[in-house]
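Trainee: Could you take a close look at one part of this model with me? I would like to go through it slowly.

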Amino acid sequence: MNSRELTFTERLYIIEVFKGLWLTSRHFFSNMKRHLARQLGLNRVERGAVTFQYPEERRPFSHRYRSRHRLTKREDGSPRCVACMMCETACPAHCIYIVAGEHPDPHIEKFPIRFDIDLGVCVFCGFCVEACPEDAIRKTSCSKILAYQSTNSPSSSSAISLNKGRANVDGILILS
Amino acid sequence: MMTSLTIEVGKVLLVLIGVLNLAAVLTWMERKQSAVMQDRIGANRASILGFRAFGLFQVLADSIKMFAKEDFVPPMGNRFLHTLAPFVSAFFALIGFAAIPFGNVIHLFGRDITLQVIDLNVGILYIFAAMSLGIYGVVLAGWSSNNNYAFLGGMRGSSQMFSYEITIGATILGVLMIFESMSLQTIVQAQGELLWGVIPKWGVVVQPIGCLLFLVAGIAETKRVPFDLPEGESEIIGYFVEYSSMKFGLFMLTDFVETILIAALVTTLFFGGWQIPYLTADGFHFPGGFTLSLSEVAVCLLQVLSCCTKVFFFCWFLLLVRWTLPRFRYDQLMRLGWKMVFPMSILNLLATSLVILLLQ
């Protein structure tokens, strides 16, 4: 590796030490000022640290952020999905599981009896949204994908499932 | 007889408890200060009944953890020496504080009370003797663990401490020549004088290079970053690698106690100890002719407060240095010690003696 030759003042070291101390103490005092102002209620906007205190505080995400899936509905409330398996095929993580059934309406061939996405496996690539020909699956900016417990029960291993023919999003991720 | 004994024991307890508590607070301060310097928050989760106190309870939680852990002695190690080593380290770090003056002589209830545990006429030699004996803790810890890494760490530690102790000795000689005493109380009292009636005759004013060299050697003596080669916990593992539970805790405590000792020594020798500029026994006498008379107790309290503030400031400064500089390599450490700091302290000594000779 080619490293730059040190100049004379750099080789003296002591000047560089004081420069470093100046830098770190400047950080210390400016952050301390912000912490104090925050504690005393003088300035609630500026933060002394970049850390977010996670369970109590949430990092604000951009509105363009896309994470949790949502199944869209028709006007009558039934799912728009026609169980064509395009998303299941496109999924690189193999986390989508669809059971198709015959739809009573002859203009719509199929509908999903079950539509499960295992969010513990999902890589949030958005390929399912790209693949869908019916605009039946979208991604939302909801970032609340968390759970306190994991469970191995296969029937509940999905976060987004379809119950009784209606698109349903239940609020928790279950890691299986 | 009983009263004077009570006073002596009271002073000992005051200093001991004060130092131990400050060391405990420093473990918290180190984490919080580094966090603030690096735009983080630092330890703040330990709480009692939901009351967090900015993470101060972390100290309690850590000590409970230390006490509850298994006390492991390596099977082939020497059990007696292995147990003795941390106590030797902590003991010799703590007794050094006996000679540090934290206030002037106070007259209370017809008695003269020196605000210092013991006013030795060789106070400074006593402190350096205690600090040198602290090396035994490091060597014993490395040797008795029956572990090559610990042994090498102990060797590194002792050679580093020996090297820098010589520099410390050479730097304080200048101070001793100027103040013509080895008693720390006398040195502090002499620093209350004024140069040309304006500048306080603090050690840092008359010995600026000595002060800088003393700080460098002092940090090396505490075995903390950037001179933490004896420990180097993450990569080169040091002399206390075979220690667990409160024995390890004692080594960690020793580190912080030594930090306070160096801060106290810098304060005493170079920053006027308990002196406040222009404050004499009966109040402030500013050079412009302005005076502000204070009662003796008020003056004494101000002086003790000034000493504590200075010590606390230097603790903060040593932590700042610890979180700013990267670690030296071992050859760099030795080169710095023997080829830079030591010759410079000798030159400083030469210059000081020349100036003193010319001024006489």
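In which sense do strand S6 and S7 of chain B pair, and over how many bridges?

Mentor: Happy to! Keep in mind that this is a predicted model. Strand S6 of chain B covers residues 283-285, and its pairing with S7(B) is antiparallel, over three bridges. Within that pairing, Phe284(B) sits opposite Leu292(B) of S7(B). As background, strands of a sheet pair through backbone hydrogen bonds, in either a parallel or an antiparallel way.

Now widen the view to the sheet that holds this pair. Three strands of chain B make up an open sheet, ordered S5-S6-S7, with antiparallel pairing. Strand S5 (279-280) and strand S7 (291-293) of chain B are at the edges; each has a single partner strand, so one side of each has no neighbour in the sheet.

Helix H3 (residues 79-95) of chain B and helix H9 (residues 245-270) of chain B have axes that come within 9 Å and cross at roughly 20 degrees. Because angles under 35 degrees count as roughly parallel, H3(B) is roughly parallel to H9(B). The crossing of H3(B) past H9(B) is left-handed. On the H3(B) side, the contact includes Pro86(B), Phe87(B) and Leu94(B); on the H9(B) side, Leu250(B), Phe251(B) and Glu258(B) are among the residues involved. Sorted by class, this contact of H3(B) with H9(B) has 10 nonpolar, two polar and two charged residues.

Terms used
Residues are numbered from 1 along each chain as its sequence is written. Chains are lettered from A and ligands numbered from 1 in the order in which they are written. This is a predicted model: local features need pLDDT of at least 70, side-chain atom pairs count only at pLDDT 80 or more; totals for chains, interfaces and linings use all residues. Two strands pair if DSSP finds at least two bridges between them. Helices (H or I, at least four residues) and strands (E, at least two) are DSSP runs, numbered from the N terminus. Axes are lines fitted to C-alpha atoms, for helices over the stretch in contact, and angles run from 0 to 180 degrees between N-to-C directions. Angles under 35 degrees count as roughly parallel, over 145 as roughly antiparallel, 65 to 115 as roughly perpendicular and the rest as oblique. A crossing is left-handed if the near helix is turned anticlockwise from the far one by less than a right angle, and right-handed if clockwise. Two residues are in contact if their C-beta atoms, placed from the backbone, lie within 7 Å. Ala, Val, Leu, Ile, Met, Phe, Trp, Tyr, Cys and Pro count as nonpolar, Asp, Glu, Lys and Arg as charged, and the others, Gly among them, as polar.
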